[in-house]
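Work through the exercises below with the sequence and the model at hand. Each task is followed by a solution in steps.

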Amino acid sequence: MTGSLIRLNKKHISVEQMTMGAVCYELLGAIPDNINGGRIEMGWLRDTFPKPDNDSTELERIRYARAYILDMIGSYLMSDLSRNRVHLRWLLKLVDFRAAGELCWGSAVLTTLFREMCGATQPNKAKIRGCLSLLQSWAQFRFLFLRPRVNHPYTFLLITRWNHSASYVGILTSLENIRLLLDQWSEAQFQWTPYEDPAIRAEISDEFFQNSNIWHVKVQLVNYAIVKMHQLDRVLRQFRFRQSIFVEPEVLDDEHKVDLRLLNTNWPRHWSEYIKMWENRYDYIPTREPIIVPELACVPEYMLWFRIHGKLYLLSEEERRRQIRVQRERRGPLNPRRRDDDAGPSTAPTQPPGPTLQLTTPISQPFQTMPGAYPSPYMYPNLFMFPFPSPIAGWNA
């Protein structure tokens with residue numbers, strides 16, 4: 001295998017062209033006992049490649065970096081249902097760290113998440129794959145009733161805000177109650193552009209705002225066997241553009257049936273049409289008209305179209321007759337009176353474990369819905385920047 005690492009840098013070689021064991025040995029220097037469908041267990045990666053110390057060689061550091069990134073891809077960025085296995089096809093992207101840094105990892109993560117969000121709408125689906133913390137962060141920055149209270153300054157990456165100690169008092173956990181609040185939440189209570197908050201904006205480097213056109217392209221995103229649309233025209237208000245009537249989306253039913261079981265497939269050739277569109281992505285930017293005043297956030301005919309074609313509510317009219325009130329947490333006295341032993345057991349009320357929900361019939365109809373604000377995770381580039389390590393620095397990889 002002498003010199004094959006150099007040849008890998010210069011020539012595209014698919015996983016099918018090399019045995020899985022050869023891939024591991026060539027790039028990691030070790031082979032696991034179990035390779036299932038091109039996937040290896042991440043526990044093996046963690047056990048085989050401990051964190052390097054000061055005495056580690058350059059080769060050991062390089063192998064550790066590959067194993068660490070591979071573990072991150074499988075456990076966080078593009079996880080499968082087991083969240084314990086990762087496909088070796090990603091290892092071939094880590095031959096050259098400098099070349100890997102030039103790949104569009106953000107679109108690959110979004111493609112996987114979009115595919116899983118689409119599949120999760122099926123009634124028989126109980127699990128979902130992909131970078132769910134990205135979707136969770138999107139929701140918590142925009143829906144106040146889903147957001148825990150965090151007393152911590154904003155830092156970059158913004159997604160790490162939810163890793164700090166938080167208070168969940170008053171935060172609903174029942175899916176039924178969350179759906180009800182989604183139906184009753186008003187448009188004014190939705191945070192359309194949360195990242196324009198000066199406290200948040202100050203943490204985002206100016207380099208991420210140099211080319212905002214990349215946020216607005218409407219093209220297919222390709223990740224091996226997965227193809228999904230970057231449907232920017234449906235969420236224009238989140239970029240301070242007036243919302244227009246949606247163009248009928250392209251039907252990708254046949255593409256959704258394709259998966260990695262289609263062996264010996266040259267994916268760049270298979271999706272050559274969509275890859276060409278991506279290469280010419282700036283030709284696919286929808287018409288954008290800035291919002292001048294909030295009352296004109298949508299084109300005049302949009303709301304009429306939305307009421308006819310949009311899904312106004314998640315629940316039925318009967319289910320929407322309820323209203324959720326979150327009572328404040330009851331706390332016992334700070335210094336309860338001590339009783340004699342012969343006074344019998346205490347009858348003082350105990351502190352409930354959390355807020356009490358009281359369901360009542362609302363006096364008025366539910367609030368106006370939020371047209372065009374569906375949970376799409378591709379808002380602003382700061383969510384695209386994932387905590388990838390920088391294995392290049394000081395390692396001369």
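Predicted model: local features only at pLDDT ≥ 70, side-chain atom pairs only at ≥ 80, totals over all residues.

## Exercise 1: A tyrosine in a loop

Tyr-313 is found in the loop between H14 and S5.

Task: Decide whether Tyr-313 is buried, partly exposed or exposed, and state how far its C-alpha atom is from that of Arg-179.

Solution. Step 1: the relative accessibility of Tyr-313 is 24%. Step 2: buried requires under 20% and exposed over 50%, so Tyr-313 counts as partly exposed. Step 3: Tyr-313 and Arg-179 are 134 residues apart along the chain, and their C-alpha atoms are separated by 8.9 Å.

## Exercise 2: The overall picture

Task: State how many helices and strands the protein has, what share of its residues is buried, and what share of the contacts between residues at least 6 apart joins residues at least 24 apart.

Solution. Step 1: the secondary structure consists of 14 helices and 6 strands. Step 2: of the 397 residues, 42% are buried. Step 3: taking contacts between residues at least 6 apart in sequence, 72% are between residues at least 24 apart.

## Exercise 3: A hairpin and a buried lysine

Task: Describe how S3 and S4 are joined, and which side chains of S4 point one way and which the other. Then find what Lys-228 contacts.

Solution. Step 1: strand S3 (residues 220–223) and S4 run antiparallel and are joined by 4 bridges. Asn-223 has Ile-226 of S4 as its bridge partner. The hairpin has 2 residues between the strands, and Tyr-224 takes a positive phi near 55 degrees.

Step 1: in a regular strand, side chains alternate between the two faces of the sheet. In strand S4 (residues 226–229), Ile-226 and Lys-228 point one way, Val-227 and Met-229 point the other way, and all are buried.

Step 2: Lys-228 is buried but has no salt bridge. The nearest side chain of opposite charge is that of Asp-253, at 8.1 Å, while a salt bridge requires the atoms to be within 4 Å. The Lys-228 side chain does make a polar contact of 3.3 Å with the side chain of His-256. Beyond four places in sequence, Lys-228 is in contact with residues including Thr-111, Phe-114, Cys-118 and Leu-221.

## Exercise 4: Nonpolar cores

Task: State how many residues the largest nonpolar core has and which element gives the largest share.

Solution. Step 1: nonpolar side chains tend to be buried together in soluble globular proteins. Step 2: the largest core has 50 residues, and those with the most contacts inside it include Leu-45, Phe-49, Leu-70 and Trp-90. Step 3: among the elements giving two or more residues to this core are H3, H4, helix H6 (105–119) and S4. H4 gives the largest share, 9 residues.

Step 3: Step 5: another core, of 13 residues, lies apart from the largest one and includes Ile-178, Leu-181, Trp-185 and Ile-324.

Definitions and conventions:
Residues numbered from 1 in each chain as written. Heavy atoms only, no water. Buried < 20%, exposed > 50% of the residue type's maximum accessible area, 1.4 Å probe, protein only. Pairing = 2+ DSSP bridges. Lys, Arg positive; Asp, Glu negative; His and termini not counted. Polar contact = N/O pair within 3.5 Å; in protein donor to acceptor, adjacent residues only side chain to side chain. Contact = heavy atoms within 4.5 Å. Core = buried A, V, L, I, M, F, W, Y, C linked by side-chain atoms within 4.5 Å.
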